[in-house]
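Please read the points below with the sequence and the model open beside you. They take up a helix pair, then a sheet, then a chain contact.

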Amino acid sequence: MELIGYTCSYIPVEILAATGFRPYRLLHGEVNLSKQGEKLVRVDACPMVKSNLSYIMNNQDKFRALVGSTGCDMSRRMFDVVSEMTEIPVYVINNPRTDRVQIFNDEIDWLVKQLEHLSGKKFSDDLIAQEIEKWENARECLRKIDEKRGTKPSLVLTTDFHKAVANYYQGNITDKIEITEDRSNKPRVYLLGSAITYESNQILKLLEKELRIVGDYNCGLSRFLNIRIGDKTLSGIKDAYYNQPPCIFKRPNDKFFEFIQNEIKKLDCIGIVAWTLDYCDIYEYELQKIETAFNFPVLRIKSDFSFQNLSQLRTRIGAFAEMLCSKT
Amino acid sequence: MFENLAPKKIDLKEWSRQFRSLDTDFINKFFYYKNNDWGRYLFPPATFMVYGARQLKHLKLDNSLTSLRLWGFSFNESERLFRAKQSGKKVIATMGDLGTVPVIVMAFPGCIPFYPDCTWWTPFFNESNVLLDRASEMGVPEASCFVRSALAAFDKKAYFPKPDLLFASTGASCDDYSCIMQMVGNLGYDIIWLEMPFRRHTAKYFVGDKYKTTNQGLEYPERFEDYLVTEYKKVWAKMVELTEINDLELLRENIKKTNRLRQLVENIKNLTYEVEIAPFPALEMMVIEFGNLYGYADFDEWLDICEMIYETIKERTRKGIGVLKPDAIPIAWVMPTADPIVLNLVEDLGGRVVATEYVINQALAQIEEQGDPFNALARSFLNASLIGSTEERVRRITEKVEQGRVRGVIITNMLGASHCSMETRLIEKMLSKVPVLSLDVPSPLGITEQLKTRIAAFMETLR
Amino acid sequence: MPISFASALISAFYFREMKDILTPRERFGLLVIDEKPDRCNIIPLITSHSAKVKGVKLKDYYTNGEIMARAQIAAIEEYGHDAISIFSEVGIIAEAMGSEFFYPEDDLPVLKNPILTQTNIDNIKIPNPEKEKRLPVYLEAIEYAYQALGDKVPILAYVPAPFTTGMMLSDPNKFLIQTIKEPEYIKKVLEKSSQAAIEFCYHIIDAGGLPILVDPLASSSVISPKTYKEFALPYERAVIDFLHRYDLDVILHICGNTTPILDLLPETDADLISIDQVDLKTVLEKLSKRIRIIGNFDTSKLLFFSKENIANEVKNMVKLGMSAPKGYIASTGCEVPTHAPKENVKAFIKAAKEVGWYWD
């Protein structure tokens, strides 16, 4: 099946799926892909954007179209490069950073028109309702698993959860999900920051040797589970996606911090892991505020996917875990 | 003395010597805000150097009286902003949009817009990492745009007064800017956020949207104009609240005045870049272009200075004289350099800037004077350099390359700046009919011999 | 010490104390445009004292520009005050014009043979500051300090005013008598001294220094107000007018008693007045609405007082000085004595920093 690639949590997967193509979230991040991407953009571009660019270039024939948004400057500009270098149709929507619901709604309407034209299908109310139901059900299954991460004691590793949600992101929502229970009383931490990519499972594994990630606000993990579409119409989609817990790029972004504060409290976390990719402006600029805003110890991990200093990282994670244990 | 001087670029000492020949009465003739008590600004580079602009010891500047006025006026800006506030004017910070919001602000009498973003040059003119270090302490990553100086400037409160209002434009913006503006908000400044839409041009596979074209030939969905109109009306409403003045005629008048400046600068550029011998140096030309953003906090005086600049350039052109050799190699420059000395360097090594893309296309475009002024502003802003595709951004340079008017292109980048990292390779590819040199501008005092050698080698290639 | 290391050390020093938001350069910059900085500028007149801080002989200090600058930098590192002060003694221009000075090994130069005892003023040339006697030493010191710290710290260069220079060109007693018996001749001397001072200022500016006019021999401790008005003030004014062409903010320092001439000082058009033996309250009442005030801790107390007494007095002085509407710089009335104990100088600065805050 042909893919319709997309980059942003504000892009409604239901609309993409209505085309009949498989929605495929561009969440690649791997050192070789990233290095390949340096033929097209500078070395100081986000490693995830470089990886995605390479993935697209290496798999052009798989993609029927690509949909992006203005959520992040580099990822928006990635599509400029794609447009120059390939024939893949590219649709970039305005995702307003300020509170401009009309812009968002108009852009979703525009996207619908484009995808109808691309697919040759009319997105009828029934079709929309069907897709909403399908994807809501998928989300609901994953929510049940996600809830088990947050129980006390935690019952599910985020390492395993990540593999499950990868299916969702890659559009495989019919596959059965089986996750082995893994009970743990390790220090409970909340993960936020740059997206955890498909290839980054090892970092989760490393973290969860000493810690237990019980919750996150991350584009590669559970963030999409905040989408709950009650009204099974296009309006319902717009409403749910626009009003999801805000991204850190929103201006002003104090609501983001409020949301995270509540989540951390709800999940009874005692620490935060802030994972950022090199040159990820959106998160790197906010790290100092993250360290002071929540009154929790923060472990900062920065990466370009090369994972060159794994042993050093292991030591840091160990020390962080020890410190958290000593506080409880 | 000045009338008979052959044009050339001179250093600080020579400028001091020239300045000494000026009558005190003449020096006192030029002042800002029409205040001849504290508003004088005709001072030599040495004045500003004594007060910390250390790079003036190394820069070479044009030797005309016109240039003296330009530099005295632009270097005086920080003091001017404080004096504005002291004398009861409203000082309005505008960030991110680079050129349109000040047009609205200046329509209100006694209101002075300025761009804190322009403090990105301060570390370089001062040859100092004070602001950049402070930004790092505040959590800004070191590999990022030098606009991070603005955050430190807000924190220190020593580079401009506390603004009466602060407008920050985000959306299809450079992320470094957007993050800096958020951090300014975190300091407790009350920010009025404005949304800049991504200017999505049409594609053969698009349907539905009605497209229009700006006066620079750039396509955009018609409804985007309305989005911007909403934002500009928000600005207007805030200004009305602040000043209790509400007169759209003032906006129309100010649009006309803005257009006068923009046309003047266009004429200056056309003349300077077309004639055989460069009549004015590239560094001064960069200052002139950026003056379009807000007139360096006294629009009327800046307009007057530009008129003088134009006369000087016309005069030099008429006489067939200039500051560079006739065989100076014509190059295009993409991205303004944060370090002014790079422009000096390129000229010293035989280059001549004849085309620029300084991320401020929106501040160069004329604004329609008929019809609704907010729509006119919106249409003008939709010419912005950074809100659309890279191809659109460098189109004018591409044309010059294809016409054979430039022999090489220099792109100045900053390590870690979001749009630099993504656009540069694409720009290199688009302009690849001629040699392209991409330079990372290092932090202050970071220009190495290696960098100079690269530029020299590039100029040799072009020769 | 390499220049870059000095600069880094100073950075560390200035950012160690959380409340010091501004660098001295930024602080001074706000003062001179009538804005209140984070705290008041603290600039005790640390000149030859810096040689002791650095541990160099005075003779080396005032004959070698690099050593002078390094001593000043060492003082900044030691004390964390707000300006570098390039100065040794007031005879520097007179020496360049021909007066002979004796250089003791470990003391400041002393006037030995005034040139006007040997020749007429008409035969004296305006000295070239890049070449004559120790004027180049000053310029070298300014350039060195400017390159090392000029982005963070203002570089002040003390220039002897024409009257003081005139006295050093001549036998001082004879000079004073001549102001009565040969006023026109003295005015010629002063005219030439003005030109020499202006020429020196011109080069100081190009080196990166902010010229400060010092006129100790014009105080009422030495001459009458009438003599000041006729023979000192107009020539101070001439130099200040020259500096005002550059929009430079001019400090006029007159140590000694200036009470009788307070009402005349505004006529110099100086932007900042540095005072010594005069009641600060009186100065504030008379001048502080129009002119910024600098001063005026009694420097002898730095030698003989305890740290605690110094701290108390400084705090009272600074609290009073900060009420000056046009602005205030906490300083000493005259140069910090060469041999002043470091702890006492530190006590001065610490006390001023404790109470000198404008910002919350």
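1. The axes of helix H5 (residues 65-79) and helix H7 (residues 135-149) of chain C come within 7 Å and cross at roughly 45 degrees, with axes fitted to C-alpha atoms over the stretch in contact and angles running from 0 to 180 degrees between N-to-C directions. Helices (H or I, at least four residues) and strands (E, at least two) are DSSP runs, numbered from the N terminus.

2. This is a predicted model, in which local features need pLDDT of at least 70 and side-chain atom pairs count only at pLDDT 80 or more, while totals for chains, interfaces and linings use all residues. Residues are numbered from 1 along each chain as its sequence is written, and chains are lettered from A and ligands numbered from 1 in the order in which they are written.

3. In chain C, eight strands form an open sheet with parallel pairing, in the order S1-S10-S9-S8-S7-S6-S5-S2, where pairing requires at least two DSSP bridges between two strands. Its edge strands, each pairing on one side only, are S1 (41-42) and S2 (84-86) of chain C.

4. Chain C gives 24 residues and chain B 25 residues to their contact, counted where C-beta atoms, placed from the backbone, lie within 7 Å. On the chain C side, H2(C) supplies the largest share, four residues.

Terms used: Two residues are in contact if their C-beta atoms, placed from the backbone, lie within 7 Å.
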